[in-house]
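I opened this entry to go through one model and write down what I looked up. The notes follow the order in which I worked.

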Amino acid sequence: MIAIAVLGHGVVGSGVAEVLEKSRGNICRKAGADLYIKKILDLREFPELSYSDKFTKDFNEILTDPEIQVVAEVMGGLNPAYDYVSAALSAGKSVVTSNKELVAAKGAELLALAKRMNRNFLFEASVGGGIPIIRPLHQCLAANEIDEIVGILNGTTNFILTKMIREGMSFTDALKMAQELGYAEKDPTADVEGQDTCRKICILASLAFGSHVYPESVQTQGITKITLEDVRYAESAGKVIKLLGQTRRVNGSCYVMVGPALIGRDSPLAGVEDVFNGILVRGDATGDVVFVGKGAGKLPTASAVVSDIIDCVKHKDTIATLHWSDAQSKVSDIRREVTARYIRCKGKGADSIAWQIFGSPTFLQRPDKPVDEFAFIAPAMTGFDFAQKLDALVGKGVEILGDIQVWEA
C-alpha cells in the first residue's frame, strides 16, 4: 500500500479526497498499486467527515512518516507551501501541486531538487485546472519545437467578458455575479488584474522554451479598463475581447505578455466562453493544437492532482522530460513586436487627426456612438512606433479612452 498526504483541505484538497474516495478502485488499478490518504494537513477540524481521523496540524507527522511516499500540496501561496514542498522532496517524497504561484516562482529550483532526490515534482493542475496541458507539452508534443502558446487561462475573467459580450452586462455587474456564483474571490485582484494568467503563461513558457520565465519580467494588464463600448466596437469588426497569455520564440529569446486582446471570431479561442479555458499550442510538426475545458473548480482541478499522484506512483524515479533550466529566460522587449492595435478616443476632429498620424486606420462603429467618439484599428507596427503616434494623437488634443492589442491567429 502507498500512503499519500494532502496539504490543505480547502476547495481543491477536499476535491482530492472526494475523487480518491469515490474512484479508489479505478485509480488503484491505473496506478498499479493500492493508494490511500493517510494524513491531511489543515489547521481546522472537520469532525463531521468520515475521514476526520486523518487530519493533523503538524507537518512533521507527514515529513517523518516513511510510509507516505507522495505529498499533494493544494494550499496555495508561497508560504508555507514552498518550505513544506522543499522539505518533502528533501525527505525523498514525490510532490504534486496545483499551486501556480509556487511553480511560477520556484519551479526550476524544485524540479532540480526533485531530480537530485530522484523523485518527482509534478504540477499538471497548476495551469488549466482539469485541462491536460503540462503532460502533453513535455511528452505528447516532445517531437515538436514549440513556436507559440496563446491561452485564455483564467475562468473568472473569461466569465466576466462573456457576460459583457453576450448580455451587455457592465464589468462591475459581471464581476459581482462571478463572486456570487463562486467563480471570483472576495478579493478578485489576482484574476482581474491578470496576475493569475501571468503565472500560468510563465509556467508554460518555461516548459516550452527551457529556461525559467519569472512573472516579474512579464508586462501584465488585466481587464478592469474594458468597457461595453470596447466590446461593441470589437463586435462591429467581427472580433471579441479575451484576456490572453501569450508567449512565442523571438530571435533567441521569448516574447511573453498578458493583456486583453481583440481576436477574430474565426479563431478557435473566440468560442471559448464562460469559465472555460482554451490553450492554443503551435508546434513546428503538429501545427496548431487546441486544449479546451474547465480551467478551475473543485473536481476538475482535483482530477489533475490525482492524475499526477498516479504518475508519481507509476514513475518513482524522476520523469526525465519534465524540466527546465534555472537560468532566467531572456524575455524580449514587447515594444519591438509588430502588432495592430485598437484605439478608442474622443475629441473634435479625432477621426481626421487619426488619418493623418496613422495613415490608414480602420474605423469602427457601434450603436449610439457619440459624435465626438471614434474607434479604429491602427495598422500593425512596432510598439515603439505606436507609442510615438499615440503621443502625437494626444498632442493634438485627442483623449485616449481605450487601447487594446489585436491578436491575429
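**Cavity**

I sorted the lining of the largest cavity by residue type and got five nonpolar, one polar and four charged residues. The model is a predicted one. I then listed the lining by name: Leu122, Phe123, Glu124, Ile134, Arg135, His138, Asp308, Asp311, Ile319 and Leu322. The largest share, three residues, comes from α6. For the volume of the largest cavity I noted about 60 Å³. The count of cavities of 30 Å³ or more came to one.

I turned to the largest pocket and noted about 1,200 Å³ of space in it. Its lining has 44 residues, and those closest to the centre are Val12, Lys100, Glu185, Ala296 and Gly297. By type, the lining of the largest pocket splits into 13 nonpolar, 19 polar and twelve charged residues. I checked which helices supply at least two residues each to this lining, and found α1 (11-22), α5 (100-116), α7 (155-167), α9 (189-192), α10 and α12.

The second largest pocket holds about 320 Å³. I counted 18 lining residues there, with Gln219, Met257, Ile334, Arg341 and Asp403 nearest the centre. Two or more residues each come from β11 (253-264), β15 (338-346), β17 (373-382), α14 (383-395) and β18 (399-407). Of the elements, β11 gives the most to the lining of the second largest pocket, with four residues. I recorded the types in this lining as seven nonpolar, seven polar and four charged.

**Core**

Which residues have the most contacts inside the largest nonpolar core? I found Phe121 and Leu204, in a core of 122 residues. Helix α10 (residues 195-209) gives the largest share of this core, nine residues. Apart from this core I found another, of 15 residues, which includes Phe374, Phe376, Ala378 and Met381.

**Sheet**

I traced an open sheet of six strands, paired in parallel, in the order β3-β2-β1-β4-β5-β6. The edge strands are β3 (55-56) and β6 (121-122); each has a single partner strand, so one side of each is left without a neighbour in the sheet. I also looked inside the sheet, where four bridges join β4 (residues 68-73) to β5 (residues 94-97). Val71 has Val95 in β5 as its bridge partner.

**Leu175**

Last, I looked up Leu175, which is in helix α8 (residues 171-180).

Technical notes: Residues numbered from 1 in each chain as written. Predicted model: local features only at pLDDT ≥ 70, side-chain atom pairs only at ≥ 80, totals over all residues. Heavy atoms only, no water. Core = buried A, V, L, I, M, F, W, Y, C linked by side-chain atoms within 4.5 Å. Buried < 20%, exposed > 50% of the residue type's maximum accessible area, 1.4 Å probe, protein only. 1 Å grid on protein atoms, 1.4 Å probe; cavity = no way out; pocket = protein on both sides within 12 Å on 5 of 7 lines; lining within 4 Å. Points joined across faces, edges and corners; volume = space filled by probe spheres on them. Nonpolar A, V, L, I, M, F, W, Y, C, P; charged D, E, K, R; others polar. Pairing = 2+ DSSP bridges.
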